[in-house]
Amino acid sequence: MNNYTSVKEFILLGLPHTEGLENMIFVLFLAFYLFALLGNLLIFVTILASSSLHTPMYFFLGNLSVFDIFFPSVNSPKMMVSLAGRSHTISYQGCASQVFFYHTLGGTECFLYTVMAYDRFVAICHPMRYTVIMNQWVCISLTVCTWLGGCVHGSILTFLIFKLPYCGPNEVDSFFCDIPVVLSLACADTSLAQMVSFTNIGVVALVCFLLILLSYMRIVLSILKIRSSEGRRRAFSTCSAHLTSILLFYGPVFLVYLRPASILWLDSVVQVLNSIVTPSLNPLIYSLRNKDVKMALRKVLFHVIHPSVL
């Protein structure tokens, strides 16, 4: 295969059907982006500063907050620069970086949600052995594995896409570089790359989803055995935020990457939700329904506003 690439940069065409709405969309996306950064940073600092939250569940939630700071930063700044009318071009290396970090962080999130489901399974189904099973070494090992697994996932996909030659055209029909829109620009047979990327994303997403489903089937069976309604309510409440985040994550994955045919406007809407909106909602999801987090947040905010009060 001739893998010579003459394209040095790509042109991002942006969001479809948004002509004349660029300023409004820019302000809206900037608000979501800043809320995602500040909200997740606040959750992360709260977990670090509050000894009552130094448990496995909040350790993984802290990792999710770090992820939700990084993930919207992959493509949101470039998208907002384009919306402001500054530059619609992205270098070849910049495009490859977007694909790598987008799918590395996407794979990491997939693995992290699976680990969080396992944590809830142990907490509810084996409460007496929870601290023994989910000890510090296990939590750190699982976290390192999620990030390494995401890195391997992203590396494989990026290598497959950018070992192909790109000799023009160079217009990316999206607001950022992703596998379907970049592959369509390759001037070579893309069937192998399409098959492997579809299989890779599909296998990772499906295996993680099935493990999460298995964990929650066991959790539901255990909760139904609890005699008191208050006990059942408390057990369900510890899982509701996690389940909400899982639905927000897996919906876009299945809609964009695991459909046989691509619909441009639908893909763009779903990817905006996945890239910017969901990371900004996670701090609300995990704080509004969690008394421990709300109490710790109040304490942190109180000390920020009144630093002289000990």
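Helix H1 (22–49), helix H2 (56–70) and helix H10 (264–288) each give at least two residues to the lining of the second largest cavity. Helices here are DSSP runs of H or I, at least four residues long, numbered from the N terminus. H2 has the largest share of that lining, with four residues. By class, that makes five nonpolar, three polar and one charged; Ala, Val, Leu, Ile, Met, Phe, Trp, Tyr, Cys and Pro count as nonpolar, Asp, Glu, Lys and Arg as charged, and the others, Gly among them, as polar.

A word on the model: it's a predicted one, where local features need pLDDT of at least 70 and side-chain atom pairs count only at pLDDT 80 or more, while totals for chains, interfaces and linings use all residues. Residues are numbered from 1 along each chain as its sequence is written, and side-chain values use heavy atoms, with hydrogens and water left out. The protein chain averages a pLDDT (the predictor's confidence in each residue, from 0 to 100) of 84, and 91% of the residues score at least 70. Helix H6 (residues 136–162) comes out highest at a mean of 93, and helix H9 (residues 229–257) lowest at 74.

On a 1 Å grid over the protein atoms alone, a cavity is a set of points where a 1.4 Å probe fits but cannot get out, and a pocket is an open set with protein on both sides within 12 Å along at least five of seven lines; lining residues have an atom within 4 Å of a point. Volume is the space filled by probe spheres set on the points, which are joined across faces, edges and corners. The whole structure has two cavities of 30 Å³ or more.

| Space | Volume |
|---|---|
| Second largest cavity | about 40 Å³ |
| Largest pocket | about 760 Å³ |

The largest pocket has 27 lining residues, with Met57, Arg234, Ser237, Thr238 and Asn290 nearest its centre. H2, helix H4 (92–125), H9, H10 and helix H11 (291–305) each contribute two or more. H9 takes the largest share, at eight residues. The lining splits into 13 nonpolar, six polar and eight charged residues.

The unreviewed UniProt entry annotates "transmembrane region" at residues 25–49, 55–74, 137–162, 201–224, 236–257 and 269–288; such annotations may be inferred rather than shown by experiment. Residues 201–224 are 100% helix, with end C-alpha atoms 34 Å apart. Residues 55–74 are 75% helix and 0% strand, with their ends 29 Å apart between C-alpha atoms.
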